[in-house]
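Open the model in your viewer and keep the selection tool ready. The tour starts with the whole chain and then moves to individual side chains.

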Amino acid sequence: MSCCAPGTESALEIENVGQALPSDEELLLASRPLGNGLRQVDLSVPDVHCGACIATIEGALNRLDGMEGARVNLSTQRVSATWRDGEKLPPILQTLTSAGYRAHIFDPGAADKDEQLSELIRALGVAGFAAANIMLLSVSVWSGADAATRDFLHIVSALIALPALVYSGRIFFRSALGALRHGRSNMDVPISIGVITAYAMSLYETMTSGPHAYFDAAVTLLFFLLIGRTLDHVMRERARVAVKGLARLSARGATVVSPEGTRAYLPVEEIEPGMTILLAAGERVPVDARVMKGRSDLDRSLVTGESRPEPVDEGASVQAGTLNLTGPLTLEALAPARNSFLAEMMRLMEAAEGGRARYRRIADRMAQLYSPVVHLVALITLIAWVMISGDWHKSILIAIAVLIITCPCALGLAVPIVQVVAARRLFEQGIMVKDGSAMERLAEADTVVFDKTGTLTLGKPLLANAEEISSPNLALAAALAVHSRHPLSQAIAQAAGTSSREEFDSVAELPGLGIEAHRGETVFRLGRAGWALGGAANDADRSGTVLSEDGRRVASFLFEDSPREGAADAIAALKRAGLGCEIVSGDREAEVASMADQLGIAKYAAAMLPGEKSDRLGELASAGKKTLMVGDGLNDAPALAAAHVSMAPANAADIGRQAADLVFLRDNLSAVPAAIDLSRRAGVLIRQNFAIATVYNFVAVPIAVLGYVTPLVAAIAMSVSSVIVVLNAMRLRPARGTKIAPAPHEAKGKAGAFRLEPAE
């Protein structure tokens, strides 16, 4: 846990050792034209970890001549650099390397393995094994072993500690070295100095048969620090998958018909406007296009958020990434893949996530103060004791004790241990958290924005007027409906219950229209009103579902999407706490208004596209609101990424779950106030842990500075402070019928408490 400027946290392999930077020709080859004389290239920068990294990189690149702009995306750990084409290529890679960041051309096909986490786990295991064994040997020394035995045990401890410090300590040594090489300091600098000097002085004591050695202190110190760093890394890494998942919705290519009539399969990047595309049922639309021929049903949940398929026929516009369900279509490409609706959604998400990544975590803010203060205190202690005593050996030992006793184990565990405990408590309530900082942001939320279909509702259409339809007519409709996988057909079949005995000579499903069956000379149709009634439908029937016999209406079907369990109670709890609530939906105005009225939500917006939802989140942010977005659909992904913090149900689309910070596993919407409650409680414990670490340092540092603490006692004191922090974090429990603490921005005693039911 540290501020992740270059050389911090796990910015370990800061130099491109043994790797040549790509040439200018390779960089140009990997770039793409944007128009207006601009080119852009995507670079992978694995050492990007926080807002400080973003500011450093963007500042360094934007100062280059010829650069039009640079944008860092924390979630994907990528840098998009844009420059003016035709001029001399700016030294982009060289600048990144000089700033202390490894960089290479982004390869979308590269293996997605977290090498950094693997390295941390291996280092943690080695440090833990060495610390346990050295502590066992130290017991004999502490119990009063004779001089010869003591010297032998010190030598064995030195032999165990050396490889452990070299292997596990490199996590900190390379980070500290990288920071110093680039004229910076970070928390790993005093850690490295303390560990190395403790080992060096212990080795000196061993070689001179001194009574004290501190190998156990040095290795145990590394072990505790690696625990905090590993936990923190795990929590941060969970948030970096949403944009990658959205890219998987893009078609790899499509069958294109040339003007001469020949067919060829082209990669999606080679499809240009005006080309004719043949799209089979089950394939995704490769680029934004217009239907030239054919009729089908499309899954447009990516656009509208509605799970209900929409019929399309000649002249209809279709967006890239939408799924063709039932029939073949002939399309005319309207835009290249790089300018498609899906590409725009990905750009929206990257921009939104990049902005949210600038949120500075409590731990990052605290870490900025640590390094310079510790350096200064240790240096003053060393100089003062040399001047007072003239004994360099004693002065160095006291300075080492100061470095060890102030080592940030408690500070390093303060945040990640609470977040891990909170994540467990949330999971016990059916809520999964992907990013530790999300709990900090959730505790600050003052406005909740809901999607409708699949979030406030379950997203499954139900037959609303089953009681108004006679049993024979309902059974007849169900007999037709069982031949289709259309959601409305399934709703009719489910409402009918028992299997129908109706039989037909033939049954066929007509894409985009409905189901047609023949029994002798009689024709039955179930589907779009205009088609089922042979064009005799009135205006009210245009979007309805009708059962007809030889063009005569037999029954009409109305559908509804019922509220999710606990939705009304959750909204009421949020409103009592003073949080604003509103709905943004891609659904029709009437249905959104009806749901808002049922749940008592005054503000709502209907028929919104993904970009419009994202814009609404931006408006709220500009007004100073800290927004929690709760959504489930593909079309909600940019808004989920743009919000201050976000949640999605477990039955959400993959991209919705990946874009969200938290996912609730149960159908009950009470997960929303429950998550806010626990996050606020976690925030209180984090601040308490920082207070504990601060008080500990205020008490312990003066004692160490005055020379009353040996490095061993300093290591024990440091360990005790870490244990206290862990025990404090374990106190976290969800509310059981009690009011939660007010949000951080609320004064004590003001509104802002939820009344929660006991957890089951």
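**Whole chain**

Take contacts between residues at least 6 apart in sequence in the protein chain: 70% of them join residues at least 24 apart. Keep in mind that this is a predicted model. Colour by secondary structure next. The protein chain has 25 helices and 28 strands. Now switch to burial: 54% of the 760 residues count as buried.

**Nonpolar cores**

Select I431, F450, L456, L628, M647, L662 and V672. In the largest nonpolar core, which has 51 residues, these touch the most other members. Then select residues 671-705, helix α24. This helix gives the core its largest share, ten residues.

Hide the rest and centre on L456. Which residues does L456 touch, not counting those up to four places away in sequence? Show F450, D451, P563, R564, A567, I571, I583, M595, L599, I601 and L669: these are the contacts of L456.

Move on to L120, V374, A700 and A704. They are among the 42 residues of another core, which lies apart from the largest one.

**Aromatic pairs**

How many aromatic pairs does the structure hold? There are two.

Select Y199 and F215. Their rings sit edge-to-face, with 5.3 Å centre to centre and 65° between the planes. Y199 belongs to helix α6 (residues 188-207), F215 to helix α7 (residues 215-237), and the two are 16 residues apart. Is Y199 buried or exposed? Y199 counts as buried, because its relative accessibility is 11% and the cut-off is under 20%. F215 is buried too, with a relative accessible area of 2%.

Now select F504 and F524. This pair is also edge-to-face: 5.7 Å centre to centre, 65° between the planes. F504 lies in the loop between α17 (487-496) and β18 (506-510). F524 lies in strand β20 (residues 522-528), 20 residues apart from F504. Check burial again. F504 counts as buried at 16% relative accessibility. F524 is buried at a relative accessible area of 4%.

**Last stop: a charge over a ring**

Select Y167 and R170. What lies over the face of Y167? R170 does, at 4.2 Å from the ring centre.

Notes. Residues numbered from 1 in each chain as written. Predicted model: local features only at pLDDT ≥ 70, side-chain atom pairs only at ≥ 80, totals over all residues. Heavy atoms only, no water. Core = buried A, V, L, I, M, F, W, Y, C linked by side-chain atoms within 4.5 Å. Buried < 20%, exposed > 50% of the residue type's maximum accessible area, 1.4 Å probe, protein only. Helix = DSSP H or I, 4+ residues; strand = E, 2+ residues; numbered from the N terminus. Contact = heavy atoms within 4.5 Å. Phe/Tyr/Trp six-rings, centres within 6.5 Å; stacked < 30°, edge-to-face > 60°. Lys NZ or Arg CZ within 6 Å of the ring centre and 35° of its normal.
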